[in-house]
Amino acid sequence: MIIVKTIDIFSFILNLYDKRFCYTSLERELFVNKFSEYKFFNENFKLLPDIFSKTDLNANVVKIFSDEVLDKNFLNNIFMRFRPFRKGPFSVFDIFVDSEWKSYLKWNRFIDKIEPIHKKTVLDIGGGNGYYSFRMLGEGAHEVFLLEPYPLFVSQFCIFQKYINAKNIFLLPMAFEDVELKSEMFDTIFSMGVLYHRKSPIEHLEKIFSLLKKGGELVLETLISDTDVLFPKKTYAKMNNIWFIPSCDMLLTWLYRIGYKNIKCIDISKTTNFEQRKTLWMNFESLDDFLSSDLNKTVEGYPAPCRAIFTAKK
Ligand SMILES: C[S@@+](CC[C@H](N)C(=O)[O-])C[C@H]1O[C@@H](n2cnc3c(N)ncnc32)[C@H](O)[C@@H]1O
């Protein structure tokens, strides 16, 4: 059964959905599968005032600002109800949303090493609250498609988009495996921080391959290990949804076997507590709580998180 569509966050999401995709699956996802999870966010989203705003999407801190006189305490209180904020930072009407991750560090590692995305059609798989998608718009992308299945992050995205109001960003609030996209549709596909969550990483990379235009580029960011493949017995850094962590060479081989060309590893960085830490806006455990006291191992005794970025062409 499809429930009324007049409830704000739902109609907001429906409006951000691209008409080129199948509406039935979106309606099923929103109104049947996830309706109750969105209820709390919807109540609070409806409280947000309309504000005439301007943006700067081209800086480390994604900025939304306004000349209007605003009740910042009220806004701060509402935004806080959408915690935890993992990705950012954002500055929204001078409220500094200090996310767990300084996401610009990752962005700055790859942006000058990938094919320019100016005027390109791009897909951001597992885009979370949209920090990178907004930066892609700031970089001049023609259209950005954001795929994110988790209601909290989708709701955070809706807050930012309410005030950024970009016309060329489309939200697909679903898992990558569940969405049907046209083949050879994208110039660039970003899969960042998703591969190790997949039980079938090869299928993930194959599906991306089918969606890339000929000559299109995959930008892949994932955890790597120093053995061929690390497959955690139960949890890795207290996360119970981590499956395959390949070595850099193994990942290059996976990409090669699928048919990617010009495969390059463009960055390897150990995650530090400068980049990932607890803040007022993410008040749960963070990196320091996942590592041994010398910070070299996870609490389970695996090597501490090290992440790599790869580019590969179709
Ligand atoms: C570790 S976060 C990475 C977020 C961001 N891409 C980044 O690099 O910082 C993983 C994100 O992928 C989303 N995700 C997990 N499984 C997914 C799937 N099957 N399809 C699409 N997104 C997924 C999660 O909800 C989460 O927002």
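A residue counts as near a molecule or strand if its C-beta atom, placed from the backbone, lies within 6 Å of it. This is a predicted model, in which local features need pLDDT of at least 70 and side-chain atom pairs count only at pLDDT 80 or more, while totals for chains, interfaces and linings use all residues. Residues are numbered from 1 along each chain as its sequence is written.

**View A. Around the ligand.** The ligand has 19 residues around it, and the closest are Gly126, Tyr150, Phe176, Met192 and Gly193. By type, the shell splits into 9 nonpolar, 6 polar and 4 charged residues (nonpolar is Ala, Val, Leu, Ile, Met, Phe, Trp, Tyr, Cys and Pro; charged is Asp, Glu, Lys and Arg; the others, Gly among them, are polar).

View B. Helices are DSSP runs of H or I with at least four residues, strands are runs of E with at least two, and both are numbered from the N terminus. Leu251, Trp254 and Leu255 are buried in helix 9 (residues 248-258). They sit on the same side of helix 9 because they cover an arc of only 95° around the axis, taken from the directions from the helix axis to the C-beta atoms. Exposed Asp249, Tyr256 and Arg257 are on the face turned away from that buried side. (Buried means 20 or more other C-beta atoms within 10 Å of a residue's own, exposed 12 or fewer, partly exposed in between, with C-beta atoms placed from the backbone.) Just past helix 9, Gly259 has a positive phi of about 120°.

**View C. Strand 13 and its partners.** Strands pair if DSSP finds at least two bridges between them. Strand 13 (residues 306-313) is antiparallel to strand 9 (residues 212-223), with 7 bridges, and Glu221 stands opposite Ile309. Strand 12 (residues 261-270) also runs antiparallel to strand 13, over 7 bridges; here Cys265 has Phe310 as its bridge partner.
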